[in-house]
Every structure is written in C-alpha cells, then in structure tokens.
Amino acid sequence: MSSGTSPTSPYPLRAWWAQRPPAAGAAVMATGIVSVALHLTGHEILSRIALVLACAAWLTLAANFVYLLLVERAQWLTRAGTPGALTAVAATTVLGTRFSLLDRPVLAAALLALAALLWPVLLLLVVRHWGRRMPGAVFLGCVATEGLAVLGATLAAATTTPWLAHASLVPFWLGIVLYLVALFRFDLRQVARGSGDHWVAGGALAISALAGAKLLAAAGTGMYLWNDDDYAVLHDVTVFLLALDLAWYAVLLAAEIAWPRVRYDVRRWSTVFPLGMTAAATLSVAAVIDVPWLEAPGQALLWIAVAAWLVVAAGAVAQARAGLRSPAPDMGTAALRSTARR
C-alpha cells in the first residue's frame with residue numbers, strides 16, 4: 001500500500017517517517033509509564049522530562065494518525081487492522097494518567113474521552129484480523145482496555161467521582177478476559193524468537209495489576225464504591241495479577257539471556273513498556289495494600305526500565321540517522337508487513 005512517498009523520494013524526512021509502523025506508539029507508552037514510575041518514586045524532574053518527550057512523540061504520531069485518516073484512508077485502514085494500532089489508545093491513557101497525577105484533571109478527562117472513542121473502533125478492526133500463533137502484540141487488546149481502567153480509576157480518585165470508578169470496573173474485567181483470549185492465540189515460540197513485543201505478554205498483566213491498584217486506591221479516598229466482599233475480591237485479583245506478571249518477567253528475562261537479541265528493532269519499545277509498567281504496578285500495589293517490602297523491588301525494576309529506555313532510545317536515534325541518509329524500508333517497515341500478514 002503506497003504511502004504517497006517512495007523510497008527514492010527527494011524528501012528523506014518524509015520518506016523515513018512514512019515507514020513508521022503503528023507499533024511506534026509503544027515508544028509513547030514506554031516513555032509515559034517511565035514518567036509515571038519516576039513520579040511515584042519522587043524523581044519529579046526526571047519524570048517531567050520523560051513526560052515532555054512522551055507528549056512530543058504523542059503529538060507527532062497523532063498528527064500522522066489524522067493525516068492518514070483524512071488523506072490516505074486506505075493505508076489508515078490497513079494500519080488500523082494491525083495489533084500495533086491499539087498503541088494509540090494505550091499511549092493516550094498512559095499520558096492521561098500522568099496528567100491526572102500532575103493535577104490536570106480536565107486534560108486527563110479529555111484524553112480519557114479520546115481514548116474511549118478510539119478504543120471500540122480500533123479494537124474491532126484489530127480483533128477481526130486476529131489469527132493463530134500471533135506475536136506478543138496480540139496482548140495489546142488487553143493493554144488498551146486496561147489503560148482505560150487505569151486512567152478512569154486514577155481520575156475518579158483525583159476528582160472523587162464514584163460513577164467513574166464503577167465504570168472503570170468494566171474495562172478492568174474485560175481486559176482480563178481479552179488477556180485470556182490473547183493467551184490462546186499467542187505463539188509461545190516468540191518467547192525465544194520475538195523481536196521485543198513478546199514482552200507484552202507480561203506487560204498486559206502489569207497494567208491489569210496497576211488498574212486493580214488504582215481501583216483499590218479510589219476506594220481508599222473515602223468514596224463508598226463496593227462492599228467488603230467485593231473489595232476483598234478486587235484485592236486478591238490484583239495481587240494475583242502482579243504475581244503472574246513478575247513470573248512472566250522472570251521467564252522473559254531468562255529467555256533474553258538464553259537467546260540474546262541485541263539488534264535494534266522498533267518493537268523493542270514494547271519491551272521497555274512492560275519493564276516500566278511492572279515497576280509502576282509493583283510500586284502502586286505496595287502502596288495500596290501497605291506492603292513496604294515491595295517498594296525496594298519496585299524501585300530496582302524502575303531503574304532497569306530506565307536503563308532499557310536509554311538503550312532503546314539510542315538505537316532509535318541511530319536508526320533514524322541511518323534512515324534519513326538512506327530512506328529504504330527498515331525494520332519498522334518489516335515489522336508492519338510481518339504483522340499485517342498475520
């Protein structure tokens with residue numbers, strides 16, 4: 001599908017940008033959640049720097065999203081049918097969550113509304129193209145859905161809005177169902193062969209645990225949201241989700257050591273996101289259920305995520321420079337074509 005710019009275009013920046021796959025939105029997700037985790041640990045200056053970078057990337061990708069929708073409708077539909085398209089929803093909710101923590105409820109609410117409008121359209125288009133033996137991006141259906149729950153619950157706690165907390169329960173439980181569906185479609189061989197997005201298998205559990213923690217925190221603001229039995233169920237499910245996430249983390253880390261994959265790929269942003277999300281989820285669960293000993297592992301996981309962010313960002317810059325010099329199809333384009341074929 002032509003993007004309107006050929007590899008031999010006299011406009012190298014435009015040609016390079018046309019090759020960005022939908023999964024590039026994972027860079028916003030990764031940077032945004034690192035910003036959230038840095039905020040949770042009191043590193044506010046670093047958190048805001050990451051937030052600025054995430055906002056700049058989000059605005060750039062949003063402009064490209066709108067351009068394709070209005071000018072290149074056929075290409076927009078092709079890209080919207082790939083799992084990576086759901087990073088648009090997830091990235092928007094992550095940014096909204098950070099703005100809510102920054103005491104910007106109006107902006108956070110606007111981002112929640114935008115994500116809620118995009119979510120059913122993109123989810124339907126993506127699910128229609130699901131097949132067997134999918135890459136890790138298949139879990140993005142869960143991630144995008146749980147992102148709505150995280151932002152909704154965070155905003156509900158910040159604004160003391162009970163109906164929003166109750167509404168956030170819907171995507172929370174639906175996200176868990178979507179995770180189970182995705183798990184049966186996930187190609188387990190990706191654990192050894194994946195180019196980065198296989199980590200979303202764990203990241204989806206991390207954002208689910210974070211959503212549970214935010215719902216529990218909303219109940220702790222004084223609002224009466226549910227009875228003690230319902231609270232106990234939500235508490236136990238949240239802890240269980242975090243335990244499963246940490247188990248996935250260990251498995252995926254061991255696989256990276258056993259089968260090293262050191263070459264840069266745009267899907268590596270989908271590795272950084274679960275790393276950062278696991279840190280944020282661990283820190284949030286530790287705070288809401290009052291388990292202080294979890295804070296140290298959460299902080300350690302945060303700095304692992306920051307280190308991974310720096311490495312992947314360096315790879316992205318190097319690839320971008322190479323792409324601008326010679327805008328031929330790169331790994332990002334290959335990732336898009338591979339995902340589209342699935």
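A salt bridge is taken here as a side-chain nitrogen of Lys or Arg within 4 Å of a carboxyl oxygen of Asp or Glu. The structure is a predicted model, in which local features need pLDDT of at least 70 and side-chain atom pairs count only at pLDDT 80 or more, while totals for chains, interfaces and linings use all residues. Residues are numbered from 1 along each chain as its sequence is written, and side-chain values use heavy atoms, with hydrogens and water left out.

The chain has 14 helices and zero strands, where helices (H or I, at least four residues) and strands (E, at least two) are DSSP runs numbered from the N terminus. Of its 342 residues, 57% count as buried, a term that means under 20% relative accessible area, with exposed meaning over 50% and partly exposed lying in between (1.4 Å probe, protein chains only). Among contacts with a separation of 6 or more, 83% come from residues 24 or more positions apart, a contact being heavy atoms within 4.5 Å.

The largest nonpolar core has 112 residues, and those with the most contacts inside it are Phe139, Val143, Phe172, Trp269 and Phe273; such a core is a set of buried Ala, Val, Leu, Ile, Met, Phe, Trp, Tyr and Cys residues joined through side-chain atoms within 4.5 Å. Helix α10 (residues 200-219) gives the most to this core, with 14 residues.

A search of the whole structure finds six salt bridges. In one of them, the side chains of Arg268 and Glu256 meet at 3.0 Å, N to O. This pair links distant parts of the chain, with Arg268 in the loop between α11 (228-258) and α12 and Glu256 in helix α11, 12 residues apart. Both Arg268 and Glu256 are buried. Salt bridges that share partners also join Glu44, Arg48 and Arg98 into one network. Glu44 and Arg48, whose closest N and O atoms are 3.2 Å apart, both lie in helix α3, four residues apart, about one turn of the helix. Glu44 counts as partly exposed because its relative accessibility is 25%, and Arg48 counts as partly exposed because its value is 45%. Glu256 also forms a salt bridge with Arg261 (4.0 Å, N to O), and Arg261 counts as buried because its relative accessibility is 18%.
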